[in-house]
Amino acid sequence: MNILTSYFGSNLPPGNAGNQLWALIYVFIIFAGVAVAVLCMNWIERKALAHFQIRLGPMRVGPHGLLQPFADALKLMLKEDIIPAEADATVFWVAPVIGLLAAFTVYIVIPFGPSQAVTDMNIGILFMLGVSSLGVLGIVTAGWASNSHYPLIGALRSSAQMVSYEVAMGMAIISAIMMTSMNAGGIGTLSMIGIVQAQQQQGIWFIFKFFPLGFIAFAIFAIAMVAETNRAPFDLPEAESELTAGFHTEYSGLRWSLFMLGEYAAMIAVSSIAVTLWLGGWMRPFPNLLNGPAWEFIFSLFPALTFGGLALITFIGTARMPSQSFFRIQRMGLGIFAVLLGFIALLLLLIAVVGHSNDASIAARFREGIDYVYWFIFKVAIFMYLFIWYRATWPRYRFDQLMSVGWKVMLPISLGVLILTAIVGVLIK
Amino acid sequence: MNPLLMNPAVNAGSAPVATPFFFYFLAGAAVVSGLFVITRRNAVHSALALIVTLLSVAGLYLMLYAPFVAGVQIIAYAGGIMVLFLFVIMLVDIERVSKERQYNRVWPVGLLAACALLALFVSAIVKGRSLLPDRMVQLPESSNTQQIAAALYGEAGRVGQYTFAFEIASLLLLVAILGAVIMTKKKI
Amino acid sequence: MVPIATLHYLVVAAALFVLGVIGVLTRRNVVIILMSIELILNAVNLNLVAFSRMWGNLHGQVFAIFIVVDAAAEAAVGLGILIAFFRNKETINVDEIDLLKW
């Protein structure tokens with residue numbers, strides 16, 4: 001029991017405090033959270049793409065297609081598992097596992113709050129970069145193991161693209177890390193929690209620091225991370241009209257869903273890097289401009305307001321559903337969902353109010369923790385929506401255009417930003 | 001104060017319980033995959049086994065309180081060099097190769113020489129084990145990167161101890177880039 | 001159990017080194033020879049980092065970083081040579097690379 005409550009009093013992540021039980025709990029929560037997030041992303045992507053293209057998207061499976069991801073998962077699990085002839089069976093099943101491992105191991109160091117992470121390594125950002133570069137290996141082995149032309153070419157193209165944009169990504173990350181050292185002691189840090197705390201200390205999100213240098217570094221990272229995860233407009237290696245689905249052509253059913261899971265998990269992971277490095281991690285917006293206990297209280301109501309808004313939208317959707325008898329079940333389902341969201345909103349409101357007025361330790365810590373996690377997920381969710389927006393709006397890059405942009409445009413600009421950040425940092429000190 | 005020297009702290013009783021388990025697991029994985037690297041017929045299998053070895057050695061570095069070296073190992077070795085190897089294997093390794101002999105004609109001599117080397121190592125370790133202290137100094141892990149940076153780049157206005165070597169290493173990488181590009185271009 | 005000391009790491013490093021040497025001396029495939037060289041370099045790195053912890057300073061770790069950089073350069077150039085040779089003669093077996101034989 002002591003090991004459960006000792007975490008509430010500490011301000012270190014459980015990995016650093018040696019609290020193995022809480023570290024395990026966090027790992028389970030993160031795993032479940034990512035799975036839920038992937039399901040939501042699947043639904044949001046299909047609906048958002050559809051609405052961008054002035055159509056409705058899935059509407060049949062549940063009310064407004066809300067059960068579509070479950071139907072997809074069920075279908076994929078029941079599909080026949082085909083292994084191509086003369087393909088290397090061992091490497092064939094190892095490849096998606098490598099991609100999945102690389103995508104999920106990154107979540108160990110993602111900071112949802114100052115003590116809400118699985119652990120805080122000294123080399124946090126280096127670890128994240130390294131492990132996400134292991135994802136390339138998964139793609140290359142997948143393409144080779146399929147023993148077929150299209151997957152091999154798709155895999156080689158995809159890995160060449162990922163490796164090229166990793167360089168620009170790394171340079172952008174270095175310029176953000178350099179900004180963490182512009183404090184009194186002149187010592188920076190690579191740890192993820194330390195980076196957000198440096199932004200807190202210096203009182204400015206790194207995207208706005210040395211304007212426009214921080215912004216250009218952020219822009220380069222934002223573009224490179226889209227290329228890194230093989231999403232549109234850089235998705236030539238896996239686009240359906242180009243290479244018949246590229247490196248995962250020969251994968252069917254459950255194995256393909258592992259790839260999809262890994263891709264979405266990688267998207268969330270690189271968005272978390274962007275949020276932590278440039279957008280202030282778990283800090284609420286306008287920490288300096290709108291400070292004071294009144295504004296703190298207002299901003300701490302945001303989680304409850306978000307769920308309340310969602311519940312309201314769902315209620316309105318329920319009311320607008322057609323009233324024929326065969327829609328009854330869907331209507332009831334949507335109504336139950338709306339009530340659930342309303343309950344969560346009420347619970348969050350309760351925590352916000354109690355934690356604020358009483359300042360009792362458990363409630364206040366809950367409120368703080370929920371606020372940190374909420375703002376972090378809010379910013380990551382904005383990035384996820386941007387990913388879908390890019391896919392709906394922009395045409396695909398041709399492969400040679402893609403490579404030339406990566407090496408001839410992104411790399412020089414990121415090098416320039418790095419040098420300029422260093423020069424400005426030294427001059428200002 | 002020399003940034004490379006740490007204050008040694010007494011370690012013996014404060015190691016976490018699971019350390020021997022993780023050490024034997026990682027060391028076993030490293031050695032077994034090393035065996036796979038040198039014995040597989042298929043070069044891609046060897047490359048994958050080498051990746052497992054590199055990651056196990058990175059884990060061993062983490063146990064030795066060297067997180068920065070572990071990070072460099074994962075990024076540069078497992079994420080860079082092995083991707084390069086896999087690319088070349090896929091571009092070069094034609095099917096005919098996998099049906100030929102994989103060991104050369106003088107392999108007994110090579111094995112004998114390696115055994116002699118192993119005997120030399122074993123005798124060195126056995127004879128010298130009294131020189132090694134049995135408690136290990138615990139390096140602080142939370143400032144490892146900063147201290148390596150002080151050694152490589154210098155601090156407080158002075159050049160670090162390894163700054164010159166760092167510059168030469170960057171020149172070496174430049175020369176390697178040029179060499180690799182020139183060697184693989186079809187017409188220079 | 002015996003607490004893990006420097007000796008254990010030295011034994012692992014020696015084992016990896018010998019495996020790498022066997023790979024270099026007995027295989028015909030050039031790519032696998034290059035991979036065995038990487039095994040040797042890793043064994044040396046492990047040795048250095050273990051001794052760095054034993055003495056309590058960082059010289060070993062800095063040296064290990066330089067060796068990783070060096071290994072990257074060498075792998076790139078070695079594979080470049082391999083590709084250049086593969087264009088001339090369609091083989092990757094060391095035995096058959098004997099153009100300079102008298």
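This is a predicted model: local features need pLDDT of at least 70, side-chain atom pairs count only at pLDDT 80 or more; totals for chains, interfaces and linings use all residues.
The contact draws 22 residues from chain A and 19 residues from chain B. On the side of chain B that touches chain A, the elements giving two or more residues are helix H2 (43-63), H3 and helix H5 (144-153) of chain B. Of these, H3(B) gives the most, with 11 residues. By class, this side of chain B holds 12 nonpolar, 6 polar and 1 charged residues.

One helix pair can be described in more detail. Two packed helices are described by the angle between their axes and the distance between the axes. Helix H7 (residues 135-145) of chain A packs with H3(B) at an angle of about 15 degrees, and their axes are 10 Å apart. Because angles under 35 degrees count as roughly parallel, H7(A) is roughly parallel to H3(B). Their crossing is left-handed. From H7(A), the contact is made by Val136(A), Leu137(A), Val140(A) and Trp144(A), and from H3(B) by Met82(B), Val83(B), Leu86(B) and Met90(B). This helix contact has 8 nonpolar residues, with no polar and no charged ones.

Neighbours within four places in sequence aside, Met82(B) is in contact with Leu137(A) in chain A, and with Ala47(B), Leu50(B), Ile51(B), Leu54(B) and Tyr77(B) in chain B.

Key
Residues are numbered from 1 along each chain as its sequence is written. Chains are lettered from A and ligands numbered from 1 in the order in which they are written. Two residues are in contact if their C-beta atoms, placed from the backbone, lie within 7 Å. Helices (H or I, at least four residues) and strands (E, at least two) are DSSP runs, numbered from the N terminus. Ala, Val, Leu, Ile, Met, Phe, Trp, Tyr, Cys and Pro count as nonpolar, Asp, Glu, Lys and Arg as charged, and the others, Gly among them, as polar. Axes are lines fitted to C-alpha atoms, for helices over the stretch in contact, and angles run from 0 to 180 degrees between N-to-C directions. Angles under 35 degrees count as roughly parallel, over 145 as roughly antiparallel, 65 to 115 as roughly perpendicular and the rest as oblique. A crossing is left-handed if the near helix is turned anticlockwise from the far one by less than a right angle, and right-handed if clockwise.
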